[in-house]
Amino acid sequence: MRGSFTYCNPTKLYFGKNALQKLADELGKYGPNVQLIYGGGSIKKNGIYDEVVEVLTSCGKNVFEDGGVMPNPTVDKLREGVAIARENNVDLLLAVGGGSCCDYAKAVSVSVNCDDDPWEKYYIRFEEPDCEIIPVGCVLTMVGTGSEMNGGSVITNHETKQKIGHVFGENVMPKFTVLNPMYTLSVPHYQMVAGIYDIFNHICEQYFSGADDNTTDYLCEGLMKSVIHSSRIANKDPEDYEARSNLMWTATWALNTLLGKGKTTDWMVHMLGQAAGAYTDATHGMTLAAVSLPYYRHLVNSAVDGASGPLGEACIAKFARFAREVWGVPAAGLGGEEFSEEEIAFAGLDAMEGWMKELGLVMNLTDLGVTEDMLEGIADSTPILKGGYKVLTREEVIEILRQSL
Ligand code: NZQ
Ligand code: ZN
């Protein structure tokens with residue numbers, strides 16, 4: 001490992017079937033006014049809402065409801081949430097839901113006492129908060145994003161057709177999160193597999209970068225194997241507690257800042273997926289599934305053609321390592337003929353494709369509502385990052401999007 005870094009993760013986690021019992025201890029640390037943030041109503045159907053409200057009431061809290069947080073929360077909803085927090089002098093923002101509720105809570109937390117327009121300040125100018133931040137706590141009901149233990153907050157602006165994530169620092173990360181895998185059992189299959197692919201891709205985004213020997217990459221391989229293993233069990237039997245609990249724990253570790261330490265990290269799949277999401281409002285994990293393989297195959301092809309620059313060799317080596325370590329691709333065929341590194345690299349991506357199809361992921365942007373005439377606009381909304389194995393040109397972005405249709 002060659003990078004230098006500071007590591008600190010302040011989020012306290014309570015994991016397991018009885019984890020909600022710890023909520024009362026946490027609530028005791030904050031003032032009386034709690035903004036209860038939740039989504040479109042799933043927590044009312046599955047009973048989690050009642051359980052949480054009971055704890056809040058028994059702790060004597062004044063509860064201010066802030067429901068209706070949509071998947072891919074919008075800047076308009078953010079403004080609504082800020083108004084609720086300001087009107088009621090809120091002491092704690094309690095998000096009960098998936099990544100959308102957690103992300104939204106963080107966006108509200110940095111906006112309540114901010115005089116500027118939050119969209120412009122945090123999502124366009126990427127400034128850090130310089131105001132008092134309202135603390136956030138989470139009760140997670142859907143796994144995938146890692147938002148429960150990171151500073152990420154992704155907000156969508158339908159007017160400008162932009163979906164942008166700001167990764168805030170330690171002071172914005174949730175103070176605590178309740179992780180009860182039982183809460184995830186009612187997640188619909190479509191959302192469950194989208195979340196599973198989101199976990200997997202978070203690991204990929206960090207793994208596919210750099211040319212050094214890095215401990216993080218070994219952690220990534222272990223986590224990827226665990227995701228593949230548990231996803232296959234959960235796909236057949238969504239009620240399997242062990243598989244769902246492993247997925248919950250893996251999701252948290254996939255994006256709680258650990259795996260990115262000492263690495264440049266890529267994140268181009270997320271940039272492409274989020275731009276497509278801004279145009280379609282499609283489910284986050286599905287947008288990633290649709291663009292991943294065209295992007296990864298493009299990276300390996302460019303490296304083979306010598307078009308990748310100095311990291312080309314490292315690119316082929318890393319995709320071949322991924323194939324061997326994660327997918328068990330052998331070094332030689334049955335007849336004993338040795339495969340080249342690039343053959344192994346492509347075989348790994350083929351194996352990944354097989355697994356993605358087995359889960360029932362959406363494998364193209366067309367099925368998510370993207371049409372050819374949107375490609376230029378989506379490309380304009382795709383920031384081109386520099387941490388991966390190749391810095392894309394705008395033409396390459398369009399070509400990858402076209403291949404994803
Ligand atoms: O809104 P409700 O009714 O709660 O229904 C939700 C929603 O329709 C449903 N759901 C959640 N828990 C459930 C449940 N349904 C039944 N039973 C349960 N227990 O699932 C649907 C999706 O929920 P959502 O929170 O939108 O999903 P997810 O956790 O995937 O979050 C997606 C958002 O997170 C952002 C995405 O861009 C997207 O906006 N991300 C945040 C990241 C971060 N903070 O670091 C990183 C990610 O890459 C991602 O970009
Ligand atoms: Zn993601």
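User: Which backbone atom lies 2.7 Å from an oxygen atom of ligand 1?
Analyst: A backbone N or O atom of Gly40. That is a polar contact, meaning a pair of N or O atoms within 3.5 Å. Keep in mind this is a predicted model, where local features need pLDDT of at least 70, side-chain atom pairs count only at pLDDT 80 or more, and totals for chains, interfaces and linings use all residues. Residues are numbered from 1 along each chain as its sequence is written, and side-chain values use heavy atoms, leaving out hydrogens and water.

User: Which side chains have an N or O atom by a ligand 1 oxygen?
Analyst: Ser100 has a side-chain N or O atom 2.6 Å from an oxygen atom of ligand 1. For the side chain of His284, the distance to a ligand oxygen is 2.9 Å.

User: How much of ligand 1 does the protein bury?
Analyst: 89% of the 950 Å² that ligand 1 exposes when taken alone; accessible areas come from the Shrake-Rupley method with a 1.4 Å probe.

User: And how many residues surround it?
Analyst: 31, with a heavy atom within 4 Å counting as near. Asp103 is among the closest.

User: Why does ligand 1 lie between the domains?
Analyst: Because domain 1 (12–184) and domain 2 (189–403) both give residues to its shell. Those bounds come from an automatic or database domain assignment.

User: New topic: how many residues are in the largest nonpolar core?
Analyst: 108, and Phe200 and Trp355 are among those with the most contacts inside it. Such a core joins buried (under 20% relative accessible area, 1.4 Å probe, protein chains only) Ala, Val, Leu, Ile, Met, Phe, Trp, Tyr and Cys residues through side-chain atoms within 4.5 Å.

Definitions and conventions. Chains are lettered from A and ligands numbered from 1 in the order in which they are written. A polar contact is a pair of N or O atoms within 3.5 Å; within protein, one must be able to donate a hydrogen and the other to accept it, and residues adjacent in sequence count only if both atoms are side-chain atoms. Buried means under 20% relative accessible area, exposed over 50%, partly exposed in between (1.4 Å probe, protein chains only).
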